[in-house]
Amino acid sequence: PQLHPIVDQLTAETYGIMVYQEQVMLVVHKLGDIPLRSAYTLIKAIGKKQQDKIDSYREKFIEGAQKKGVSNAQAVDFFNLILKFAGYGFNKSHSTGYAIVAYQTAFLKTYFPVQYMAAVLTYESVSTDKVVEYINECRKVAYPDPKRARGIEVKQPDINLSSVGFTVVFDKGETRDASHGHIRFGLSAVKGVGEKAILKIIEAREKDGPFRSLYNFCERVDQSALNRATVEALVKCGAFDSLHGIPKRAAMVAAIEDAMKRGAQEAKLKQTGSLWGMAEESPKGAADHADPALPNVAPWLPVESLANEKSVLGFFVSSHPMNEQRDAIARFSNVTIADIQKLSGGVEVCIGGMLTRIKTVVTKNGRSAGQKMAMIAIEDPTAHIEGVAFAETYATYAPLLTTDRIVFIKGKVDRKREAPNIIVNQIIDAAAAPKELTQAVRIVLKDPGTQGPDSAPRHGDLSPRDHADGTVFNGALRKLKELLRQASGRGSAEVLLEVHQAGRVATLRVQGLRIATDNDLTTRIETVLDAPGCCQLVGPNKLMRSPGVTTMMHDDSASRERLRLPADAGAPDEEFCPSIDRY
């Protein structure tokens with residue numbers, strides 16, 4: 001709709017919308033009779049939210065606009081529009097430059113995603129947080145070929161494949177196009193490995209081919225650019241895993257001193273000439289001999305290996321401590337950290353993840369003055385978030401507040417700052433989650449017909465004998481009933497029986513029964529029913545379901561139905577009742 005001839009003329013190229021600062025200034029100048037210098041001052045005041053200066057121009061604008069035939073109400077509306085658009089507008093040249101860059105980056109990310117993300121990671125490699133952010137982004141990136149699944153793999157540094165920065169690497173025989181390849185970590189991302197050392201490593205690799213072992217590496221790379229700390233950092237980050245394997249990282253660290261001594265000896269022989277002139281006759285010199293075996297050293301535990309990896313990279317690459325707990329985190333959290341962005345302040349959440357930062361401070365004011373509290377950061381597979389454990393909470397759960405520990409946090413969303421954080425009320429160790437956070441135990445009982453014609457009946461299945469006498473699941477439930485009674489009376493988890501029969505499914509809530517849960521309960525139930533995978537612990541009700549998350553929702557009312565027995569079962573009008581005592 002037309003606003004005013006002056007405004008329409010000034011915004012014609014942007015379809016009637018004030019986009020650029022120049023447009024806003026000209027509207028203020030030509031419609032409000034305010035000098036251009038003052039219009040520029042007003043624009044700056046709007047950007048800085050200087051309300052006093054803004055108000056000082058309001059009446060001048062309204063008065064000037066009325067002289068141009070604009071009513072008072074229209075002038076007020078125009079000024080409010082100016083406040084709205086000037087608050088986020090840029091000048092035209094700045095906006096154009098950003099638009100060009102935005103188009104170029106969108107084009108490159110769409111049609112050359114692996115190369116583009118490698119460049120972004122190289123540019124941001126000075127910031128550990130940014131590298132982690134963009135590695136997570138790599139997992140979501142789509143390829144030009146729509147048949148390929150999303151996600152670019154970012155692999156750890158490799159002494160034979162990595163360059164200075166992040167690079168695109170193709171496996172042997174892999175198609176070399178924009179829809180293939182992976183990103184290999186740059187050696188510059190390894191703490192303690194300088195550019196001089198990296199250039200010497202690449203020089204030796206290009207001259208005589210790939211390194212074949214740690215000893216071969218120390219013999220061929222100029223040791224004026226290497227020291228023990230540099231080689232140890234390369235071992236810890238996994239750069240030698242392709243040569244010796246992850247279990248040999250401890251042995252490689254133990255061998256560094258001997259390997260560097262041998263390397264120094266080889267370098268000396270190259271300079272002086274070895275016996276019979278072998279160093280001069282062979283292009284690879286004395287490094288052609290067989291490499292010594294690594295010492296027999298106990299391998300690092302996985303958690304120790306990952307901790308060492310993080311110490312030199314700033315994060316985990318080859319694996320992650322959360323990998324073993326991903327199912328538990330998805331099961332016992334009621335929301336992902338990424339989805340907390342969508343929640344209002346005050347909402348109670350239960351999130352699981354790894355503590356990445358703990359900072360203790362002493363409170364200065366209030367009733368807790370002089371007591372310790374903690375500022376924390378926790379991450380799950382989707383994102384990270386900060387939180388605060390006030391003095392009372394900290395005093396109770398301080399032993400659980402250690403970096404890299406997997407925990408569950410109960411608390412409330414706080415939206416007082418720009419980014420949401422969590423007011424921590426309770427901290428639960430991951431090992432205690434089945435006991436503390438299980439809301440229900442879901443037990444699946446299946447008719448063998450749902451398993452296929454070749455499946456043999458199991459204790460958890462309907463057997464021919466069960467059909468004949470009308471006591472469906474009778475044998476299985478006798479044992480199950482006894483097991484559940486042993487666990488009753490000291491817990492809060494309800495029991496749900498999910499019955500699969502004749503192509504139909506019914507979920508029955510066992511009334512009057514609450515049981516205690518632990519890490520072994522599912523195994524005991526599956527053993528009793530001789531049906532692996534038939535038992536699941538169900539966590540808190542989900543606040544929302546994120547795309548790609550397949551955790552079990554506790555609220556199953558939408559799919560629950562009552563199931564009638566088949567006519568040949570001897571009780572055509574009888575229904576399952578919601579109590580295990582019937583069996």
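**Note on the predicted model**

1. Tyr-103, Phe-107, Leu-108, Tyr-111 and Phe-112 make up a nonpolar patch on the surface of this predicted model, and together they have about 530 Å² of accessible area. Patches are built from residues with over 30% relative accessible area and no salt bridge, nonpolar side chains (Val, Leu, Ile, Met, Phe, Trp, Tyr) being joined within 5 Å and like charges within 9 Å. Accessible areas come from the Shrake-Rupley method with a 1.4 Å probe, and for residues only the protein chains shown count as cover. Phe-107 belongs to helix α6 (residues 92-111). Helices (H or I, at least four residues) and strands (E, at least two) are DSSP runs, numbered from the N terminus. Phe-107 is partly exposed because its relative accessible area is 37%; the class lies between buried (under 20%) and exposed (over 50%), for a 1.4 Å probe and protein chains only.

2. Residues are numbered from 1 along each chain as its sequence is written, and side-chain values use heavy atoms, with hydrogens and water left out. As this is a predicted model, local features need pLDDT of at least 70 and side-chain atom pairs count only at pLDDT 80 or more, whereas totals for chains, interfaces and linings use all residues.

3. The chain has an average pLDDT of 83, and 85% of the residues score at least 70; pLDDT is the predictor's confidence in each residue, from 0 to 100. Among the elements of the chain, strand β8 (residues 421-429) has the highest mean pLDDT (97), and helix α19 (residues 464-469) the lowest (40).

4. Two segments call for caution in reading. Over residues 275-287 pLDDT stays under 50, and the model has 15 contacts for them beyond four places in sequence, a contact being heavy atoms within 4.5 Å. Over residues 450-472 pLDDT also stays under 50, with 39 contacts beyond four places in sequence. Where pLDDT is low, the predicted coordinates should not be read in detail.

5. The count of salt bridges comes to 23, where a salt bridge is a side-chain nitrogen of Lys or Arg within 4 Å of a carboxyl oxygen of Asp or Glu. In one of them, the side chain of Arg-249 meets that of Asp-241 at 2.5 Å, N to O. Arg-249 counts as buried because its relative accessibility is 0%, and Asp-241, at 12%, counts as buried too.

6. Another salt bridge pairs Asp-339 with Lys-342 (3.0 Å, N to O). Asp-339 is buried, with a relative accessible area of 4%, whereas Lys-342, at 58% relative accessibility, counts as exposed.

7. Asp-429 and Arg-405 also form a salt bridge through their side chains (2.9 Å, N to O). Because Asp-429 lies in strand β8 and Arg-405 in the loop between α17 and β7, the pair ties together parts that are 24 residues apart in sequence. Arg-405 is partly exposed, at a relative accessible area of 27%.

8. Asp-404, in the loop between α17 (391-397) and β7 (406-414), has a phi near 70 degrees, a positive value in a residue other than glycine. Asp-404 counts as partly exposed because its relative accessibility is 28%. Asp-530, in the loop between α21 (521-529) and β12 (535-538), has a positive phi near 50 degrees. Asp-530 is partly exposed, with a relative accessible area of 35%.
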